[in-house]
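Subject: Handover of a structure for your study

Dear colleague,

Please find below the structure that I am handing over to you. My notes on what was found in it follow directly after.

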Amino acid sequence: MSKFISASLCVALLAFAASAQAEGRVISNDLSKCKSGPSTLVQISGVKASTGRIRVQSYRGTSADWLAKGRWLTRIEVPARAGSMTVCVPLPAAGSYGIAVRHDVNGNGKTDLSSDGGGMSNNPSINIFNLGKPSYKKTAFSVGETPKTISISMKYM
């Protein structure tokens, strides 16, 4: 059962990433932008390989925005590094947000279900009933006027 759940998570994460359109802002990973103001320092663990790219996307923590096509706020893409990585996500204002992470292991820009992985803020559990797209209520977190640190654990098939 757990392999099925893990597979469902990967399918959903990769589907969101593949369908994302360039509607938000693509920015660089500038850790200095997480020293003040509304932002989140995303500590990513469990990256399986130092190949390909890691994509981190922020969304407003609402039902209408979470993982909705074209509704992401910022996207940061960086070369993958096996193990742990840290990415700074500046946010427009204090509020509720969700973060989704995708690892395109071979860097081909396509969804490869057998190798690519992903994760979400609050590391929600996935089951066969939500098929990998947890409610915004499970992934949303509050950010005030100062930086917040969150941890995301990557999942692979």
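The chain exposes about 7400 Å², and carbon and sulfur atoms supply 53% of this area. Please keep in mind throughout that this is a predicted model.

Overall layout

The chain has 157 residues, of which 46% are buried. Two helices and 10 strands are found in the chain. Read from the N terminus on, the elements follow the order α-β-β-β-β-β-β-β-α-β-β-β. Among contacts between residues at least 6 apart in sequence, 76% join residues at least 24 apart.

The nonpolar cores

Which residues have the most contacts inside the largest nonpolar core? They are Ile44, Val47, Ile54, Val56, Val89, Ile99 and Val101, in a core of 24 residues. Several strands each supply at least two residues of this core: β2 (39-47), β3 (53-60), β4 (74-79), β5 (83-90), β6 (95-104), β8 (141-143) and β9 (148-153). There is also a second, separate core of six residues, which includes Leu67, Trp72, Ala100 and Met120.

Val56 is placed in strand β3, and its relative accessible area is 1%. Because residues under 20% count as buried, Val56 belongs to the buried ones. Leaving aside residues up to four places away in sequence, Val56 touches Ile44, Thr74, Arg75, Ile76, Val87, Val89, Ile99, Ala100 and Val101. The C-alpha atom of Val56 is separated by 9.3 Å from that of Cys88, a residue 32 places apart from Val56 along the chain.

The disulfide

In general, a disulfide is a covalent bond between the sulfur atoms of two cysteines. The link of Cys34 and Cys88 is right-handed, with 95 degrees about the S-S bond. Cys34 lies in the loop between β1 (25-27) and β2, whereas Cys88 lies in strand β5, so the pair ties together parts that are 54 residues apart in sequence. Both cysteines, Cys34 and Cys88, are buried.

The salt bridges

How many salt bridges does a search of the whole structure find? The search finds four, and I describe some of them here.

In one of them, the side chains of Glu77 and Arg55 meet at 3.2 Å, N to O. Glu77 is in strand β4 and Arg55 in strand β3, so this pair ties together parts that are 22 residues apart in sequence. Glu77 is partly exposed, at 30% relative accessible area, while Arg55 is buried, at 15%.

Another salt bridge brings together the side chains of Arg102 and Asp116, at 3.4 Å, N to O. Arg102 belongs to strand β6 and Asp116 to the loop between β6 and β7 (117-120), so the pair ties together parts that are 14 residues apart in sequence. Arg102 and Asp116 are both buried. Salt bridges that share partners also join Arg53, Arg55 and Glu77 into one network.

A further salt bridge is formed by the side chains of Asp65 and Arg71, at 2.3 Å, N to O. Asp65 counts as buried, at 7% relative accessibility, whereas Arg71 is partly exposed, with a relative accessible area of 42%.

Leu67, already named as part of the second core, has a phi near 60 degrees, a positive value in a residue other than glycine. Leu67 is found in the loop between β3 and β4 and is buried, with a relative accessible area of 9%. Asn122 likewise is a residue other than glycine with a positive phi, near 70 degrees. Where is Asn122 found? Asn122 sits in the loop between β7 and α2 (136-139). With a relative accessible area of 41%, Asn122 is partly exposed.

With kind regards

Terms used: Residues numbered from 1 in each chain as written. Predicted model: local features only at pLDDT ≥ 70, side-chain atom pairs only at ≥ 80, totals over all residues. Heavy atoms only, no water. Core = buried A, V, L, I, M, F, W, Y, C linked by side-chain atoms within 4.5 Å. Buried < 20%, exposed > 50% of the residue type's maximum accessible area, 1.4 Å probe, protein only. Helix = DSSP H or I, 4+ residues; strand = E, 2+ residues; numbered from the N terminus. Contact = heavy atoms within 4.5 Å. Areas by Shrake-Rupley, 256 points an atom, 1.4 Å probe, with all protein chains shown as cover. Disulfide = S-S within 2.5 Å.
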